[in-house]
Amino acid sequence: MLIGYVSDERYVALADVLLEFQSGGQTRAIVRSTPRGAVVANLEPGEYVVTLVKEGYGSKHSRMTVDSRRQHHFRLLSDGILGYVWPRSVQTGGRSEFRVHATEPYRLSLWRYGWKREFVKLLGWFDEHGPRAVMQILPDGDFTQTGVGWNRVGYGNNAHHTQFVVGPEKSGLYYLHAKGERTGEFFSFPWVVAPAKPSAPIAILASTNTWLAYNNFGGRSNYINAHQLPDAPVVNARQDLIRYTHAGSFNVWGYQDHEYLPLSFERPEIGNVVREHEEVTDPIKGRLTCGMAPAEWRLLGWMEREGFEYDCYSEWQLHNGDLDLDSYKILMISVHPEYWSKQMYQKVKDWVWNRGGKLIYLGGNGLNCEVEFLGEDRLRFKTYLAPSTGGALGMPDPANPEIYLDSRMHRTVESEANLLGVVCTDTGIMTAAPYRVVRDDHWVFAGTGLKNGDLFGEKSLQERIPGGASGHETDKRGPHSPPGTVLLAKGINCDDGGAEIVCYETQSGGAVFSAGSITYVPCLLVDDAISRITSNVITRFLTMPDFVSGQ
């Protein structure tokens, strides 16, 4: 009888796991998993305590019901060091719990990531009060929906052994560093600390929804098994995942919105790890890191190098109202802020168009897809993309195929070009190149010495898609760009796919500057022209009049 399957934290099948089934205090079967991770045993239906053991993985007990109508999915966690904090973001003085998995004693410290990596404090050493007692346990089943729930088993029963960290007085991006005593293994994880009350004229939004979208810890992200886990764990990704076995856009986003199961923030984020001794001026190594927190750190470092004060927020804090836009002159978003809730979008658009807000968008493929918050801990991604588009970012309107939609956000809310002035298209994707000046008489180019036709943005810290400041995914003007949107520069990427730098102003005194490229921020610290242009925009927006009434 097929009882179920056993897999690791990536939903990869585990062979040769030893399982002992007990009921009524008696052992009823001892079996090993097959190469597919299948667990086969001759058992009567009912409740069992199952003990699972495999070298290199944490042993555990599970309670399960044997039922021929459904299979149980056992999950084992591999040895090593992982961690996250919950909540992911707090205000200064707020408290988060750090939840670390380790199979050896480890040292934990807190750091602030700005122009310099600043050591804040040592949080302490954590070790065994029993064998492998700092090892965490994975829930069985699909915990991508619910979170891993670390520190719930065997923690919290001793008031002297708390695992909390309090938000420092200074807002910013913080990282916790965990390092093993014996092996020296290192893992770092981000924490967003917002101010208890606004303390600067500029608010910077961390793209925390995008961090979640790309986090496949547990076997699911918005790109891997996007709608749900398959019935059986993966043996070989190229042979088993629909991402690879089905051609076209249907392999990821061909399901209707309601078919996409939620994704939980409460999981470690492998793509957000910053290397132990990495500095802000170092190249950004890795694939995921180039579009996530490590890349966003380069903006924060540049801001501090240039002397611009800012407050830092998560996207949840914009959604729930902790971020009061009217307390700031400028809101900055960067790198790859692809996933926004309808409430986030409407708040920012209203602020810019009706209350004189200034938005600086230093990213690419931004605000492209609506998400729904199911509380602070989970999102549902509304990612349906018509299969007939062959992988394009836009699609025919499902209700009226004669109308072409710019994006998934356009399908459920409106085209993001209405706010950003630009929208992502397929051309230029996965290439990078410098920009070429189009309007050298515009104030953004003051002090750069650039003339029409000149190239800039050639130096970059991005290693995934090297080549320049216009790249990875690029945005351009479209039919829904506001009237008066001015083209300032365009990337020289192939197929006319270069990002377009644009700006526009609103009658209320609002303004938007858009760079339209994921690789723009990694150039800030090393390309003088990109640095000067960005500085010009911030300075201009800070000195523009506030809300203009009666317009």
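Q: How do the residues lining the largest cavity divide into nonpolar, polar and charged?
A: This is a predicted model. In it, the lining of the largest cavity divides into 4 nonpolar, 4 polar and 2 charged residues.

Q: Which residues are they?
A: The lining consists of Trp86, Arg88, Ser89, Thr208, Asn209, Phe265, Ser314, Trp316, Phe373 and Glu376.

Q: And what volume does the largest cavity have?
A: Its volume is about 80 Å³.

Q: How many cavities does a search of the whole structure find?
A: Counting those of 30 Å³ or more, the search finds 3 cavities.

Q: How much space lies in the second largest cavity?
A: About 60 Å³ lies in the second largest cavity.

Q: What lines the second largest cavity?
A: The lining is made of Leu173, Ile204, Leu205, Ala206, Trp211, Glu296, Leu299, Leu300, Cys312 and Ser334. Two elements, strand S16 (202-206) and helix H5 (293-306), each give two or more residues to this lining.

Q: How does that lining divide by class?
A: For the second largest cavity the lining has 8 nonpolar residues, 1 polar and 1 charged.

Q: Back to Trp86. What kind of peptide bond joins Trp86 and Pro87?
A: A cis peptide bond, with omega at about 0°. Most peptide bonds are trans. Trp86 is also one of the residues lining the largest cavity.

Q: Where is Pro87 found?
A: Pro87 sits in the loop between strand S8 (82-86) and strand S9 (89-91).

Q: Which elements give two or more residues to the lining of the largest pocket?
A: Helix H3 (242-245) and helix H4 (250-253) do. The largest share comes from H4, which gives 3 residues.

Q: What classes does the lining of the largest pocket have?
A: The lining of the largest pocket has 21 nonpolar, 12 polar and 8 charged residues.

Q: How much space lies in the second largest pocket?
A: About 790 Å³ lies in the second largest pocket. Its lining has 32 residues, and Ala133, Asn151, Val153, Gly154 and Tyr155 lie nearest its centre. Strand S6 (60-66) and strand S12 (117-126) are the elements that give two or more residues to that lining.

Q: And by class, what does that lining have?
A: In the second largest pocket, the lining has 14 nonpolar, 14 polar and 4 charged residues.

Q: Let's zoom out. How many helices and strands does the protein have?
A: The protein has 10 helices and 34 strands.

Q: What radius of gyration would a compact globule with 551 residues have, and what does the protein have?
A: Such a globule would have a radius of gyration near 24 Å, and the protein has 25 Å, so the two agree. Along the principal axes, the C-alpha atoms fill a box of roughly 85 × 55 × 45 Å.

Q: What share of the residues count as buried?
A: Of the 551 residues, 59% count as buried. The protein exposes about 21400 Å², and carbon and sulfur atoms supply 48% of that.

Q: What about contacts between residues 24 or more positions apart?
A: Among contacts with a separation of 6 or more, such residues account for 69%.

Q: Changing topic again, what is phi of Met430 near?
A: Phi of Met430 is near 65°, a positive value in a residue other than glycine. Most residues other than glycine have a negative phi. Met430 lies in the loop between strand S26 (423-424) and strand S27 (432-433).

Q: Why does Met430 count as partly exposed?
A: Because its relative accessibility is 41%, and partly exposed covers the range between under 20% for buried and over 50% for exposed.

Q: Is His472 buried or exposed?
A: His472 counts as buried, because its relative accessibility is 4%. Its phi is positive too, at about 70°, although His472 is not a glycine. The residue is found in the loop between strand S30 (470-471) and strand S31 (475-476).

Q: Last one. Where is Asp528 found?
A: Asp528 is in helix H10 (residues 528-543). Asp528 counts as exposed because its relative accessible area is 67%.

Q: How far apart are Asp528 and Leu487?
A: They are 41 residues apart in sequence and 21 Å apart in space, C-alpha to C-alpha.

Note on methods:
Residues are numbered from 1 along each chain as its sequence is written. This is a predicted model: local features need pLDDT of at least 70, side-chain atom pairs count only at pLDDT 80 or more; totals for chains, interfaces and linings use all residues. Side-chain values use heavy atoms; hydrogens and water are left out. On a 1 Å grid over the protein atoms alone, a cavity is a set of points where a 1.4 Å probe fits but cannot get out, and a pocket is an open set with protein on both sides within 12 Å along at least five of seven lines; lining residues have an atom within 4 Å of a point. Grid points are joined across faces, edges and corners, and a volume is the space filled by probe spheres set on the points. Ala, Val, Leu, Ile, Met, Phe, Trp, Tyr, Cys and Pro count as nonpolar, Asp, Glu, Lys and Arg as charged, and the others, Gly among them, as polar. Helices (H or I, at least four residues) and strands (E, at least two) are DSSP runs, numbered from the N terminus. The radius of gyration is taken over C-alpha atoms; the globule rule is 2.2 Å times the number of residues to the power 0.38. Buried means under 20% relative accessible area, exposed over 50%, partly exposed in between (1.4 Å probe, protein chains only). Contact means heavy atoms within 4.5 Å. Accessible areas come from the Shrake-Rupley method with a 1.4 Å probe; for residues, only the protein chains shown count as cover.
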